[in-house]
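Let us walk through this structure step by step. We begin with rings and end with helices.

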Amino acid sequence: MRKVALITLYDSNIGNRLQNYAVQQILQQHGFQSCTYWYTLKLTAAKKLKSAVKIILGCFISRYRTCFVQWKRKKGFEKFTEKHIKKGKKINVYKKIRFEDEFAYYVTGSDQVWHNWHNFEQELEYFYLQFVPREKRIAFAPSIGLNKFPDKDTEIHRRGLNGMKALSCREKAGCELIQELTGREAELLSDPTLLLDKSEWIKIEKKPEYEVSDKYILLYFLGRTESYVNHTINKYAEEHNCKIINIFDRNLEKQYLTAPDEFIYLIHHAAYIFTDSFHACAFSIIFEKDFLVCSREEAAHEKMGTRIDNLFEKFQMESRWYVPNRQIDCCNYKKRKIILEEEKKKADEFIDRYMK
C-alpha cells in the first residue's frame, strides 16, 4: 500500500480524535496506509517558566483535583489514539523537518489546522506542508474556523494556500475566504466523520465503564447555555423517565472522562441528545438520533455556529436549532442516505483526482 502522512491537530478533543480516525480509514479504503505526525512547539525559557508556575499554582491553590482530572482525561484520549490511530514520528516545528520520500502524499486536515492557535509562523508553515514538495501537498477538508485571515498572517496564508497541490475546505465560508485571498477554488467537502458508514463507527464504539441506564438523555455542551435550556432538559427528562448523562461537566468526573469511542456509544444509544457541538450533531445524523442544538452564550463562539448552519443546510435540518417554548420534536431522516452518498462520492472523486 502507498504511504500517506497525516498532519493534523493532536489534542484531547473528541471531534479532533474522531476526525483523525475517519481520515485514516477513508484513505485506507483508497489503498493508502497512513500514519499521523504529532507535533510540539519549542517554548522559550521564559514561557516554560511561566507555564510551570501556572501549573504549580493551579494544582496547589484549590485546583489540584481539576488538574488531576484533566491529566486523567488526556490519558484516556491517548489510550484511544494508541488503539485506533497509527502514529508517526514526533515533530518539533521549530527545527528543520526532514522530508521523507517514503510518503506518496502529505495530507493536512480536517480540523482547524490553519487557525494558528499558538501564534507562531512556524506552526502555520508546518500545517501548510511547506517542508515537502508541492506535488505532495493535499488539503483534505480542513476547517479554517476564521471569519477572515488576520492581517499579520495574510501573506503566510496566501503563500501556504498557493503552495498546495489540492485545496478543499469543510465550510462554504472557508472556500470563499480561500478564493478571495488566492483566486483559487477550494472544493467543499463534508467533515470526514460523516463519510464513514454507521457500521464502521459501531466497530470501535465502547460502552463506558461507569453506569449507563437503559434510557438516557445525552448532554454535550462545550460552552455555556442559558438557564432556561437546563429547565427544558430537566423537564423533558422527567416527562420521558430518562436519566441525564452530561459528558462535559467537570463536576461529574466519571462522565467528564468519557473517551472518543465511549462518546460514539453514548450517541448511538441515547434517547435524545442536547448539544452545542458540531460533532455531536454529525454523529447524531450518522446514527439517525433525535437531537437539538442550543446556541452558546459566549459571543466569542458565535462563529462556531456557522459550521452547524452549513451542516443543517446540507441535510435540510434547520429545525434542529433549539427555540424556547417550542415543542421538542423528532428528526426527519428521509433524505439522509442520499445526501451522505453524494458527499461520500465528492470525497472519493477528490482523492482519486489528486492522489492517483
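A residue counts as buried when its relative accessible area is under 20%, and as exposed when that area is over 50%. Keep those cut-offs in mind. The model you see is predicted.

Start with the aromatic rings. A pair of them is described by the distance of the centres and the angle of the planes. Rings pair if their centres lie within 6.5 Å. The count for this model is 27 aromatic pairs. Take Phe-103 and Tyr-106 as one of them. Their ring centres are 5.5 Å apart and their planes stand at 70°, so this pair is edge-to-face, the label for angles over 60 degrees. Both Phe-103 and Tyr-106 are buried.

Now look at Phe-140 and Phe-350. Their aromatic pair is tilted, with 6.1 Å from centre to centre and 45° between the planes. Where do the two partners, Phe-140 and Phe-350, lie? Phe-140 is in the loop between strand E5 (137-139) and helix H5 (154-162), while Phe-350 belongs to helix H13 (residues 336-354). The pair therefore ties together parts that are 210 residues apart in sequence. Phe-140 and Phe-350 are both buried.

Rings can also gather in a group. One aromatic cluster is formed by Tyr-37, Tyr-39, Phe-99, Phe-103, Tyr-106, Tyr-126, Phe-127 and Phe-131. Find Phe-103 and Tyr-106 in that cluster again.

Over the ring of Trp-38 sits the charged end of Lys-87, 4.0 Å from the ring centre. Over the ring of Phe-278 sits the charged end of Arg-170, at 5.2 Å from the centre.

Next, turn to helix H8 (residues 227-239). H8 has 13 residues and spans 19 Å from its first C-alpha to its last, close to the 18 Å expected. Which residues of H8 are buried? They are Val-229, Thr-232, Ile-233, Tyr-236 and Ala-237. The face turned away from the buried side carries the exposed residues Ser-227, His-231, Glu-238 and Glu-239. After H8 comes Asn-241, with a positive phi near 55°.

Finish with helix H10 (residues 260-269). Eight of its 10 residues are buried, so H10 is largely enclosed by the rest of the structure. The buried residues are Pro-260, Asp-261, Glu-262, Phe-263, Ile-264, Tyr-265, Leu-266 and Ile-267.

Key
Residues numbered from 1 in each chain as written. Predicted model: local features only at pLDDT ≥ 70, side-chain atom pairs only at ≥ 80, totals over all residues. Heavy atoms only, no water. Phe/Tyr/Trp six-rings, centres within 6.5 Å; stacked < 30°, edge-to-face > 60°. Buried < 20%, exposed > 50% of the residue type's maximum accessible area, 1.4 Å probe, protein only. Helix = DSSP H or I, 4+ residues; strand = E, 2+ residues; numbered from the N terminus. Lys NZ or Arg CZ within 6 Å of the ring centre and 35° of its normal. Expected span 1.5 Å × (residues − 1).
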